[in-house]
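User: I have a model open and want to go through it with you. Can we start with the sheet and move on from there?

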Amino acid sequence: MYYFRNIYRAVRTVAAGLKVTLPYHFARTVVVQYPDVEPTLQPRYRGFHTYQIERCIACEACAKACPVGAIRVAKSGPRKIDKARDLAVGGAITQYQIDYTTCLFCGLCTEVCPTECLKMGSIHDNSCYRREELVTDFIRLAKQGRRTIEPLWLTKPNLPAWAARVRDFWRNRDRDRREWMARADDPEYCAALAKQAAPPKEGVS
Amino acid sequence: MTPSDIIAFLQQHHAESVVSAVADGPYPHALVKAEGLAAVAAFLKTQPRLRFDLLRCISAIDWPAKNNIELAYDVISTSLGHAFAIKVVVDRADPRVESVSTVWPAAEWHEREAFDLMGVEFLHHPDLRRILMPEDWPGHPLRKDYQDIVEYRGLKFNP
Amino acid sequence: MALIEGIFEPGLVVTTVDWVLNWSRKRSIFPMTFGIACCAIEMIATGAARFDIDRFGSGAFRATPRQADLMIVAGTVTFKMAERLRRLWEQMAEPRYVIAMGACAISGGPYHVHGYHVVKGVDQVVPVDVYVPGCPPRPEALLEGIMRLQDKISTHTIAKR
């Protein structure tokens with residue numbers, strides 16, 4: 001009796017499982033023609049970081065939160081946010097590196113960021129020929145006016161339309177803030193910004 | 001049987017082996033002397049009222065401050081539906097304990113793993129070799145005082 | 001390298017032969033069936049119907065290193081595995097290529113700080129051609145890695161240097 005009940009149970013559970021997967025057998029096959037069409041990334045996809053250097057106060061919270069120690073931050077003095085211009089002033093950021101050889105893309109660094117200057121971006125790939133190229137210096141990128149990495153595949157000629165759009169989006173981003181981005185590692189410039197940053201409040205001389 | 005029943009039953013038959021026991025809390029267990037482990041294990045397996053036929057896990061815990069290694073054997077009974085655990089404490093410098101692989105064959109690989117990563121030697125084990133690490137690996141990696149190697153067969157540990 | 005390479009005198013124009021050889025090589029990079037850890041799941045997804053690595057001619061995953069051109073190191077390389085990995089690489093026929101896929105293969109990844117048994121970078125064991133970062137990389141990223149490898153192959157020449 002148990003024998004037949006076991007057979008019935010096996011058939012029933014397999015059928016219940018197949019009810020989920022079997023429709024895929026009859027569905028239309030969809031091949032993502034990847035280099036020609038854009039990959040379908042989810043809105044909260046965690047790709048390579050975007051980093052707004054002029055809003056970063058270099059508090060090193062991201063470096064402490066990183067489980068693999070991939071982030072290295074250094075500054076010449078304390079920085080603080082000037083709310084009027086949405087800008088960090090004071091000391092200069094002398095080093096900001098993310099080591100993508102070990103990065104896990106877990107997003108813990110972005111969750112602890114108090115100014116939300118570090119975010120997970122949407123660039124999904126950075127394949128390259130040398131390991132040293134993966135250690136990304138964001139100060140060097142900021143001097144080129146970039147928020148995020150420009151991987152090898154975005155520098156190729158004859159890009160498909162979507163990739164050219166991605167490339168131009170990141171190249172043309174925040175043109176009005178280029179000066180602040182490029183000179184965020186200059187201590188004198190950042191100190192001068194701090195002096196400008198104190199407009200006399202009313203009632204206080 | 002409830003954990004307190006199991007402990008009472010165990011103390012009734014193996015009073016000389018059971019050192020102490022915890023009946024309540026999330027992890028009911030009995031601490032057993034290392035010499036009496038094989039007898040207690042066979043008793044747990046074969047006694048009709050206990051019938052612990054499945055060894056789920058052997059955990060080895062290193063306590064450098066207390067200078068001992070604790071072994072926890074988690075057992076359940078699939079037919080009677082109760083669970084229990086026995087613990088053994090062995091010396092850290094020379095950890096030796098009788099193998100229970102004759103009682104539960106599943107213990108064989110668990111004991112090899114405990115030997116590999118903690119260095120506990122199981123006496124009368126049929127095939128006590130390293131199971132995860134390479135055969136010529138120095139030391140036992142999950143000990144608290146384990147020092148990372150510098151180089152293994154020409155591969156630098158920290159390049 | 002392969003037998004044909006290096007037998008022509010420098011100055012002999014071999015560009016068309018080069019082009020044909022490189023074209024055939026880069027359109028048929030057969031990877032080895034070699035997944036070590038969780039990145040292998042993404043490698044399998046790349047080989048399956050949705051991302052379809054066959055569009056690049058790399059769909060034939062060979063079960064033996066003798067027939068394979070490409071080793072995708074997809075996962076954590078332990079010290080115990082490094083020996084086997086090196087042996088498999090040496091069994092592969094020339095020309096052979098290696099893609100280090102994922103953080104573990106590139107530098108040890110999550111085991112970089114506290115891993116007592118992980119090789120910190122597969123480039124210590126075998127020479128790596130393309131690095132694909134990610135944890136794990138998307139299937140599209142692996143396809144990009146294969147395209148970078150195709151770019152690299154198309155620069156090869158059989159002339160003596």
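Analyst: First a term: two strands pair if DSSP finds at least two bridges between them. Helices (H or I, at least four residues) and strands (E, at least two) are DSSP runs, numbered from the N terminus. This is a predicted model, in which local features need pLDDT of at least 70 and side-chain atom pairs count only at pLDDT 80 or more, while totals for chains, interfaces and linings use all residues. Residues are numbered from 1 along each chain as its sequence is written, chains are lettered from A and ligands numbered from 1 in the order in which they are written, and side-chain values use heavy atoms, with hydrogens and water left out.

User: OK. What stands opposite C:V73?

Analyst: C:A100, in strand 2 of chain C. Strand 1 and strand 2 (residues 97–101) of chain C pair in the parallel sense, over five bridges.

User: And what order do the three strands have in the open sheet of chain C?

Analyst: The order is 1-2-3, with parallel pairing. Strand 1 (70–74) and strand 3 (130–132) of chain C are at the edges with a single partner strand each, so one side of each has no neighbour in the sheet. From one strand to the next, the twist averages 20°.

User: Which helix packs on the sheet?

Analyst: Helix 5 (residues 139–153) of chain C, which touches strand 1, strand 2 and strand 3 of chain C. Its direction makes about 150° with that of strand 2 of chain C. Axes here are lines fitted to C-alpha atoms, for helices over the stretch in contact, and angles run from 0 to 180 degrees between N-to-C directions. Contact means heavy atoms within 4.5 Å.

User: How about chain A, what is its radius of gyration?

Analyst: Chain A has 25 Å, whereas a compact globule of 205 residues would be near 17 Å. The C-alpha atoms of chain A fill a box of roughly 95 × 45 × 40 Å along the principal axes. It has seven helices and seven strands.

User: Switching to A:F138. Is that buried or exposed?

Analyst: Buried, with a relative accessible area of 1%. The cut-offs are under 20% for buried, over 50% for exposed, and partly exposed in between (1.4 Å probe, protein chains only). A:F138 lies in helix 4 (residues 138–143) of chain A.

User: What does A:F138 touch?

Analyst: Leaving out residues up to four places away in sequence, A:F138 touches A:H49, A:Y51, A:Y96, A:I98, A:Y100, A:R147 and A:T148.

User: Which residues touch the most other members in the largest nonpolar core?

Analyst: Of its 92 residues, those are A:Y51, A:Y96, A:Y100, C:M71, C:L85 and C:V122. A nonpolar core is a set of buried Ala, Val, Leu, Ile, Met, Phe, Trp, Tyr and Cys residues joined through side-chain atoms within 4.5 Å.

User: And which chains share the most contacts?

Analyst: Chains A and C, of the two pairs of chains in contact. No contact joins chain A and chain B, whose closest C-alpha atoms lie 13 Å apart.

Note on methods. Rg over C-alpha atoms; globule rule 2.2 N^0.38 Å.
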